[in-house]
Amino acid sequence: MGTDAPQAPVKILLVDDQPGRLLTYRTILEPLNETLVSVNSGMEALKRLMADDFAVILLDVNMPEMDGFETASLIHQHPRFEKTPIIFVTAVNVTDMDRLRGYKLGAVDYVMVPVIPEILRSKVEVLAELHRKRRELQALNESLAADNQALQREKAAQLETLNQSLREANEALALRNAELQVEVAERQRMEQQLRDADQRKDEFLATLAHELRNPLAPLQNALSIRRIGLDGHADPLQDTMERQMYHLVRLIDDLLDVARVTRGKLVLRLRDTTLADVLATAIEIATPAIQTGRHRFTSILPTDALPLHADPERLAQVFANVLNNAAKYSDPGGQIQLEAHREDDTAVVRISDQGIGLSADQLDTVFELFRQVDTGVERTRGGLGIGLTLVRQLTEMHGGKVSVTSPGPGKGTTFEVLLPLCNSTKPTDAPVPPSPAKLPRHRILVVDDNRDSADTLAMMLRVLGQDAIALYDPLAVETAVDNYAPTLAFLDIGMPGRSGYEVARALRDRHGDTLRLVAITGWGQPEDRARTREAGFEAHVVKPPDVDAIRRILAGHPLPE
């Protein structure tokens, strides 16, 4: 049979009680040049099946009188149609039990309405071609059977040898097919294990970052108490501890951010801003690292405003990470330069250093998660290998691009960030910081099962001139409120036996809005803040709490998110 001979069309049965859908199916499937037969009920489908042979049946699940499942059951009870493939079409979400029922009745697939033409057409095309191949195979088998009979009469011995050869080939093919099925199943199992491990890794990072915040909270509280007690006097030890605390919090924030990005949970808070404001913030963040390394830092900035519609905090994090990276991987006294300019509708920022540089292989992998440039045993440079990963991901979330070049090891590195500009030139006003005027006095209840966190926060509040007591048992909150009559309560969220959400709802039911509630928690994602608002909290503070955030709450100012 020649390969160029035209193929005869096969018949496709379309079963649906809605004429509009039948017309849709026809429109989608007509390019296949097959014979399309439409009926509007299960009974009509059974009648047509008794008269014709169909390659595939497109069957609506929800039909009056006889639904798709009943129709499929009757079709496959007949020996002649038990192997006829059925594609169920449904406009409603089916449960796993419905799917299992359909597959037991012989369904090969499900298609949801609205139908995606390319998907439906490709599924039907494959089944039609399989049916055509089966017909060709059946005709070929019949021809071979006739030839075999002739050969049996003429050359019985030769036929036996040939049959034996064919049997051995079939056995070898069956054995190989079985081996391939085992290999495919094993590969699918390994792929699923990798996906599960990746998901567990992301969940672990998020949980680790949250759990690390809890022991940092009393440390930050103690540092804040000590800072307040200094009353503006210089203390190098205090500055050192605060710098190291800031570094710890940044590492934890990076862990949380990379976990959110990889899980698709990081939300940008977009507003109008300028590149100058973003870079100023980034430089301020990176200045301690640059000064610690005694590096020479220069910046070349454009004179005109470069407007952006972006999340300024996240973009500042991008450039601060690159600057910190330059400071970290440069020898003391190195040169670091930041240069920004406009190219058409794009802002271009280049950050160059004279540090350890990158090899050609490292240029391809430097943005990968947990990738370390300094892999020596000493690891003098430090870091978790996630800062540049966040740089790339946050830049791409803003519709930008980031790239890196280096002449080679020991010859420095240049990072280039491209960001789309917007038309607006008026940045959104930043939140106004609270006035340093004397804070109003409150009676405050601090509830946290971590005694150190509760005690240090209550102590910091008392240093700020407040009346504050600590409570460690969430089950005793109502009694404490009745006895102490606080006007403000700080509640930890993750407490054993009774969560902060439950405590907040109970207090709202009993006291309404007369008692202000503030959530203190290690979780700070948008969905966490939304949940605390729903529970009745008026503010959400992420551990470790910043003293300025506490002052804002005491002064009655809203907290920026």
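Me: Is Asp492 buried or exposed, and what is its relative accessible area?

Reply: A residue is called buried under 20% relative accessible area, exposed over 50% and partly exposed in between, using a 1.4 Å probe and protein chains only. Asp492 is buried, at 6%. This is a predicted model: local features need pLDDT of at least 70, side-chain atom pairs count only at pLDDT 80 or more, and totals for chains, interfaces and linings use all residues. Residues are numbered from 1 along each chain as its sequence is written, and side-chain values use heavy atoms, with hydrogens and water left out.

Me: Where is Asp492 found?

Reply: Helices (H or I, at least four residues) and strands (E, at least two) are DSSP runs, numbered from the N terminus. Asp492 belongs to strand 15, residues 488-492.

Me: What does Asp492 touch?

Reply: Touching, or contact, means heavy atoms within 4.5 Å. Leaving out residues up to four places away in sequence, Asp492 touches Val447, Asp448, Asp449, Gly500, Ile520, Thr521 and Lys543.

Me: Which residues does the annotation "modified residue: 4-aspartylphosphate" cover?

Reply: UniProt positions follow the numbering used here, feature names are shortened, and annotations may be inferred rather than shown by experiment. In the unreviewed UniProt entry, this annotation covers Asp60 and Asp492.

Me: Where does Asp60 lie, and is Asp60 buried or exposed?

Reply: Asp60 lies in strand 3, residues 56-60. Asp60 is buried, with a relative accessible area of 1%. Its contacts are Val15, Asp16, Asp17, Arg21, Gly68 and Val89, again not counting residues up to four places away in sequence.

Me: How many aromatic pairs are there?

Reply: Rings of Phe, Tyr and Trp (its six-membered ring) pair if their centres lie within 6.5 Å; planes under 30 degrees apart count as stacked, over 60 as edge-to-face and the rest as tilted. The count here is three. One of them is Phe88 with Tyr110, a tilted pair at 5.5 Å centre to centre, with 40 degrees between the planes. Phe88 sits in strand 4 (residues 86-90) and Tyr110 in strand 5 (residues 107-112), so the pair ties together parts 22 residues apart in sequence. Both Phe88 and Tyr110 are buried.

Another pair is Phe367 with Phe415: edge-to-face, 6.0 Å centre to centre, 85 degrees between the planes. Phe367 is in the loop between helix 10 (360-365) and helix 11 (387-397), while Phe415 is in strand 12 (residues 413-420), 48 residues apart. Both Phe367 and Phe415 are buried.

Me: Which residues form one aromatic cluster?

Reply: Phe69, Phe88 and Tyr110.

Me: What sits over the ring of Tyr484?

Reply: A charge sits over a ring if NZ of Lys or CZ of Arg is within 6 Å of the ring centre and within 35 degrees of the ring normal. Over Tyr484 it is the charged end of Arg443, 4.2 Å from the ring centre.

Me: How many salt bridges does the structure hold?

Reply: A salt bridge has a side-chain nitrogen of Lys or Arg within 4 Å of a carboxyl oxygen of Asp or Glu. The structure holds 23. Among them is Glu416 with Arg350, at 2.6 Å, N to O. Glu416 is in strand 12 and Arg350 in strand 10 (residues 346-353), 66 residues apart. Arg350 is partly exposed, at 27% relative accessibility.

Arg510 and Asp482 also meet in a salt bridge, at 2.9 Å, N to O. Here helix 14 (residues 500-511) holds Arg510 and helix 13 (residues 477-484) holds Asp482, 28 residues apart.

Me: Which residues are linked in a network of salt bridges?

Reply: Glu34, Glu129, Arg132, Lys133 and Glu136.
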